[in-house]
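Visitor: Please show me the model. I would like to go through it by question and answer.

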Amino acid sequence: MTQPSETATAAAEFDLELAPGRPPILRVAESVPAGQVADWAGERAVALEAALLEHGAVLIRGLEVRDAAALGGIGERLSGAVVPEREPFARRRPLGGPVHSSLEWPPDQPMCMHHELSYALEFPRLLTIGCFTAPASGGVTGLADAETVLAELPEAIVTRFTELGWALTRSYNDLVGVPWTEALGTADPAAAEAYFRADGTEFEWQRDGGLRTSQRRSAVISHPLTGRRVWFNQIAFLNEWTMDPAIREYLVMQFGETGLPFNTRYGDGSSIDAETVATVNEVYEAVTLREPWQAGDVLLVDNIRMAHSREPYTGPREVGMVLGAPVLLADCSSPDRPAAP
């Protein structure tokens, strides 16, 4: 594993295009056959890792990765191991091997900034994302440096979330999101309960057979390789105040204030006000990096260092993702505060 002290030397192997408001771009001038892209990435793994530690993300343009087989080869070569998705709140389609589609989310609705599986006790450090079909317009995967976000957020917000952590609450149903049997990969209530206990998740079965859960996690963690603190969570993305007002009103009417399919709270269970959520989203927007997708692009993202989003789009958009390089939350504790739970 490349150490932070080695990044300058290794990353210098690449002539990255650096521009304000855009992620670093590595242009591949040579033609690399589809069957050799994994070898191409593997031969440059040390330099790519160094560039990720320095910048948080690298967009590789020119490899012409057009299918899941090629993307999966790169993801497996760079990741070492892949992370199974746990408790998804929206579906992904399997595209072959370790590659899954991006979340099935309405194309006219934005997917706000988040870190993959930041509500889990194990999550991926490396995201290998490939664009097989670029949309006609929009659909950018935005990036936000979680170190910068932490520094730009008001101190009062950071302090409260650092002290209390954050909680994700879910009410599984068959109308919105993914039913618990699909999210957990089992229809056995006893197996579900065993999973929740091991995961530190509180759960409550409803009279109608539904299921409500709450899991507390750290909102601020330390990067396992650099030791630097980052804002790592899905507090704003999954909060009721980030929803379109009409959608929120409909869901509240269907399920009640406490029965929303998903919502976020402070770690002590208290509600997060709309102003706080708006402030978090405003900071994200102020530091977002954007680069429109081109078919064949590969985007490497340090999932702990960088949050990512998906903007509304028109036309077909086919993007695949490999969740790799698993990390335990217990290994990301801030030096001044242990990881939750």
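**A buried threonine, a pocket and cavities**

Guide: Thr 288 counts as buried, at 10% relative accessibility; buried means under 20% relative accessible area, exposed over 50%, partly exposed in between (1.4 Å probe, protein chains only). This is a predicted model, where local features need pLDDT of at least 70, side-chain atom pairs count only at pLDDT 80 or more, and totals for chains, interfaces and linings use all residues. Residues are numbered from 1 along each chain as its sequence is written, and side-chain values use heavy atoms, with hydrogens and water left out.

Visitor: Which residues does Thr 288 touch, not counting residues up to four places away in sequence?
Guide: Contact means heavy atoms within 4.5 Å. Thr 288 sits in the loop between helix H10 (274-287) and strand S15 (298-302); helices (H or I, at least four residues) and strands (E, at least two) are DSSP runs, numbered from the N terminus. With residues up to four places away in sequence set aside, Thr 288 touches Gly 21, Met 113, Gly 142 and Leu 143.

Visitor: How many Å apart in space are Thr 288 and Leu 143, C-alpha to C-alpha?
Guide: In sequence, 145 residues separate Thr 288 and Leu 143. In space, their C-alpha to C-alpha distance is 5.4 Å.

Visitor: Which residue's backbone oxygen lies 2.7 Å from a polar atom of the side chain of Thr 288?
Guide: The Thr 288 side chain supplies one polar atom of the pair. The backbone oxygen at 2.7 Å belongs to Tyr 284.

Visitor: Which strand gives the most to the lining of the largest cavity?
Guide: A cavity is a set of points on a 1 Å grid over the protein atoms alone where a 1.4 Å probe fits but cannot get out; lining residues have an atom within 4 Å of a point. The largest cavity holds about 130 Å³. Strands S5 (111-114), S16 (306-310) and S18 (318-328) each give two or more residues to its lining. The most, three residues, come from S16.

Visitor: What is the volume of the largest pocket?
Guide: A pocket is an open set of points with protein on both sides within 12 Å along at least five of seven lines. Its lining has 20 residues, with Trp 105, Pro 106, Met 243, Ile 247 and Phe 262 nearest the centre. Grid points are joined across faces, edges and corners, and a volume is the space filled by probe spheres set on the points. For the largest pocket, that volume is about 480 Å³.

Conventions: Polar contact = N/O pair within 3.5 Å; in protein donor to acceptor, adjacent residues only side chain to side chain.
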